[in-house]
Amino acid sequence: MLFRNQLIDRRVSFILNLHQQSKEYAGIELTIQETLLVAEAIHALDFKPSRLDIGKLALNIRNEGIKAVDIQEFVQKELEPAKEHLTFLPKDVVLYGFGRIGRLLARELVSKVGAGKQLRLRAIVTRDLVDEKSLEKRASLLRQDSIHGNFDGEVLVDTEHDALIINGIPVYVISAKGPEEIDYSKYGIEDALVIDNTGAFRDDKELSRHLSSKGATMVLLTAPGKGVPNIVYGVNELDADPKKDNIFSAASCTTNAISPVLAILEKELGIEKGHIETIHSYTNDQNLVDNMHKKSRRGRAAALNMVITETGAGSAVAKVLPSLAGKLTSNAIRVPVPNGSLAILNVELKKKTTLNDLNNILKAAALNGDLVEQIAYTNNSELVSSDIIGTSAASVIDSPANIVSDDGKTAIIYVWYDNEYGYSHQVMRLARHIAGVRRYTYY
């Protein structure tokens, strides 16, 4: 990887562009010569499967003034833990629902399956009749996406077995009106994690219906849940105890975007109180043209209007960061873009700070520590919403937009997030955690 960006199967032009963008982290642009020396040092060593960040290593080498002749020794010392032997059993996964998040999860699960020793996508459940026409339509939706582009792989239809063959992996498509109807063991699926991305079931009672399906032993909801642990991976994943619970919620995309940043602010500066305003892309629960809707304003044409609506992100954060209970208010505005959202965090701090110190705190969190997967940092003053589409981080700090009051007590932090792709990666991180699948270590 190079500053969190995957290098496997990437074009030369993509890698060159990543080097140009590296000045956002390094202050000045890393050169191909610097990262090549690190890559050659890694190639000469024997590692178990790991995620190795060439950018971070090259930056450390530059900052510590290490000479070229000493790079091999430095890299070997830094990456010594990556020689640890990883052992784990694979986990069968069922996607219950195949909408926006479901299809992105399918793409990512298949592309990251490797030798099949982590999460294995085995089935997709829909309410529709499964026939040749519906299979072709679902295959087409998986292959092509108006926002995220074409799937970089192969999707075939197997009508004989009611399945999609994704990069050679058979994935059964199961039709069911409710979870109770399904016997996953008939498909050779055992001890499965069911990822519910329908939004139809939101509390522990409804979600427990999945556990009545033979072959299913664990449930993960891709929405805020009631009566179940709400987890933002990187912030409170230790609260997820698979030995005690078997139903979990991955919270909302907005909660995943703001919680890592709020966790850093609470730890480093302390938060007295604050307000979160979310500028969110329109979603499928809004109307395309004006029509009846059970919620206020959401009945108006989504692609033509800015729509004020409610969000539970403020109160949801308290489930993830209990120290912030009762300190945050929140609201949302849906805007006419199909993806890419922005959270504006207006917080009153316990400790005084400056804009430079605030940005340095957030930049450090993006480079090192427990939240490097969740927080990305940019100093691009030309950044707009379409630029963050496809970002796997849950939060993208827009440092040029941040504001600190003259007295140093109030900070306004602008946090971009891909409410589909970034959130899907958070769901996958949490899925690996609760499934007991050892994650590749990040160095």
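Predicted model: local features only at pLDDT ≥ 70, side-chain atom pairs only at ≥ 80, totals over all residues.
Local features need pLDDT of at least 70, side-chain atom pairs count only at pLDDT 80 or more, and totals for chains, interfaces and linings use all residues. Residues are numbered from 1 along each chain as its sequence is written, and side-chain values use heavy atoms, with hydrogens and water left out.

**View 1. Ser249 in strand E8.** Strand E8 covers residues 247-249; strands (E, at least two residues) and helices (H or I, at least four) are DSSP runs, numbered from the N terminus. Ser249 counts as buried because its relative accessibility is 0%; buried means under 20% relative accessible area (1.4 Å probe, protein chains only). The Ser249 side chain reaches the backbone nitrogen of Gly225 at 3.3 Å. Contacts of Ser249 beyond four places in sequence include Leu220, Val228, Asn230 and Leu430; contact means heavy atoms within 4.5 Å.

**View 2. Helix H6, residues 100-111.** H6 has 12 residues. From first C-alpha to last it reaches 17 Å, close to the expected 16 Å; the expected span is 1.5 Å times one less than the number of residues. Of the 12 residues, 10 are buried. Among them are Ile101, Arg103, Leu105 and Glu108.

**View 3. Helix H12, residues 421-435.** The 15 residues of H12 should span 21 Å, and the end C-alpha atoms are 21 Å apart, which agrees. H12 is largely enclosed by the rest of the structure, because 14 of its 15 residues are buried. Gly436 follows H12, with a positive phi near 75°.

Notes:
Buried < 20%, exposed > 50% of the residue type's maximum accessible area, 1.4 Å probe, protein only. Polar contact = N/O pair within 3.5 Å; in protein donor to acceptor, adjacent residues only side chain to side chain.
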